[in-house]
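Here is a briefing on helix packing and sheet layout. Keep the sequence and the model open while reading.

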Amino acid sequence: MRSHERTIFGEMSALAARLEAINLGQGFPDTGGPPQVRQVAERAIREGLGDQYPPAHGLPDLRAAISEHQDRFYGLQVDAADAVVVATGASEAIAAAVLALVEPGADVMVLDPYFDLYGAVISLAGARRIAVPLVADTLRPDVAAMSAALTANTRLLLLNSPHNPTGIVFNQAELSDIAEFARANDLLVIADEAYEHLWFDNNRHIPIASLPGMWDRTVTIGSGGKSFSFTGWKVGWATGPAELIAAVRVVRQHLSYVSGGPFQYAMAAGLRLPDVYFDQFREGLAQQRDRLCDGLADLGLRVIAPQGTYFATTDVRPAGFATGAEFCQQLPYEAGVVAIPQSALSDHPEATGPYVRWAFCKQPEVLDEALVRLRRWLG
Ligand SMILES: *Cc1c(COP(=O)(O)O)cnc(C)c1O
């Protein structure tokens with residue numbers, strides 16, 4: 001695990017704190033989630049509902065709410081009894097799924113750049129990572145490149161859409177091509193859909209598990225932290241066919257055993273919020289996205305418009321920088337702002353080199369102040 005010792009988020013957040021820089025590096029909102037969800041957690045704590053270990057695979061009412069949610073948003077029929085498992089955030093659900101479904105020595109395909117946790121859990125499983133770059137310039141998934149990179153040992157495709165760090169959302173045609181690739185090569189899929197409710201304009205999120213022939217081979221991951229802006233509560237889940245979820249449950253119960261008793265009650269309430277919550281959540285984030293992206297474009301950076309997530313991507317070459325790493329090294333000292341070079345989340349710095357990731361899930365005045373500081377630096 002030595003190569004996973006440091007995380008770019010930890011380093012950059014520490015630097016931001018030390019320099020009192022504005023941290024647009026790490027992706028967490030600077031406001032809390034819906035008050036009615038918080039009240040359920042408060043009541044659960046007050047009444048002692050979650051004081052002791054909840055059931056190993058998750059509170060039955062939360063499993064029911066996850067099942068209702070998958071049907072309501074995606075038309076997926078998920079059996080709350082044996083097709084759902086609750087975890088300590090999407091992070092633990094992903095770790096448990098990789099450890100459950102991958103044998104030592106197998107190859108796991110990810111699209112590059114990728115969320116840094118993937119590299120670590122693939123290593124924990126004793127497996128090998130095959131990172132396939134997104135198409136240069138457009139940052140779209142490239143099924144031809146995925147086919148070319150496939151090995152005889154590839155068992156699993158670890159997908160993420162809406163995609164961190166680029167902010168792209170895979171469209172129907174791309175998902176169909178990826179699904180065909182998975183079926184043709186008999187791959188299992190872990191679909192990290194932590195940002196399922198964070199998509200903008202008409203870039204509606206489509207779960208790959210809803211495509212023909214994909215339910216039986218896919219474990220889908222959700223995050224209460226991301227969907228309800230409570231990233232500190234760490235409640236996530238996995239859904240999928242009973243045989244795969246049975247395996248994920250075995251591993252997961254030996255990781256954290258159970259977690260977040262009171263928060264599981266609250267997340268069940270969150271998942272049952274009316275559509276207006278989800279619509280307003282997206283609209284609010286889309287406004288923050290526009291605020292930051294318009295400002296970055298005014299500064300002369302090429303912005304790849306985010307279709308989802310908390311993150312905007314810019315190409316820093318038009319502003320006169322060779323690489324995002326060089327830009328992000330100077331940024332905290334010169335401007336008092338922190339952002340993340342995508343090459344830090346990549347095995348292919350030749351492809352990701354020019355790109356920088358900016359988190360826009362921040363208060364308007366924070367984004368404005370960051371833009372003022374950037375303008376002072378870049379002129
Ligand atoms: C934040 C994030 C996660 C982890 O979610 P938690 O619920 O906080 O554990 C997983 N995948 C991606 C892509 C993320 O950005």
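How are α2 and α10 oriented to each other, roughly parallel or roughly antiparallel? They are roughly antiparallel (angles over 145 degrees; under 35 degrees counts as roughly parallel). This is a predicted model: local features need pLDDT of at least 70, side-chain atom pairs count only at pLDDT 80 or more, and totals for chains, interfaces and linings use all residues. Residues are numbered from 1 along each chain as its sequence is written, and side-chain values use heavy atoms, without hydrogens and water.

**Helix α2 with α10**
- Helix α2 (residues 35-46) packs on α10 at about 150 degrees, with the axes 8 Å apart. Axes are lines fitted to C-alpha atoms, for helices over the stretch in contact, and angles run from 0 to 180 degrees between N-to-C directions.
- Helices (H or I, at least four residues) and strands (E, at least two) are DSSP runs, numbered from the N terminus.
- The crossing of α2 and α10 is right-handed (the near helix is turned clockwise from the far one by less than a right angle; anticlockwise is left-handed).
- From α2, Val37, Val40, Ala41, Ala44 and Ile45 make the contact (heavy atoms within 4.5 Å). From α10 come Pro262, Phe263, Tyr265, Ala266, Ala269 and Gly270.
- The residues of this α2 contact with α10 are ten nonpolar, one polar and no charged. Ala, Val, Leu, Ile, Met, Phe, Trp, Tyr, Cys and Pro count as nonpolar, Asp, Glu, Lys and Arg as charged, and the others, Gly among them, as polar.

**Helix α3 with α10**
- The axes of α3 (residues 60-74) and α10 (residues 261-271) come within 9 Å and cross at roughly 20 degrees. That makes α3 roughly parallel to α10.
- The crossing of α3 and α10 is left-handed.
- Asp61, Leu62, Ala65, Ile66, His69 and Arg72 in α3 meet Gln264, Met267, Ala268 and Leu271 in α10. The contact of α3 with α10 has six nonpolar, two polar and two charged residues.

**The sheet**
- Seven strands form an open, mixed sheet, ordered β2-β8-β7-β6-β5-β3-β4. Strands pair if DSSP finds at least two bridges between them.
- β2 (84-87) and β4 (128-133) are the edges, each with a single partner strand, so one side of each lacks a neighbour in the sheet.
- β2 pairs antiparallel with β8 (residues 236-239) over four bridges. Val86 has Trp237 as its bridge partner in β8.

**Strand β5**
- β3 (residues 107-112) pairs with β5 in the parallel sense over four bridges. Val108 stands opposite Leu156 in β5.

Notes: Angles under 35 degrees count as roughly parallel, over 145 as roughly antiparallel, 65 to 115 as roughly perpendicular and the rest as oblique.
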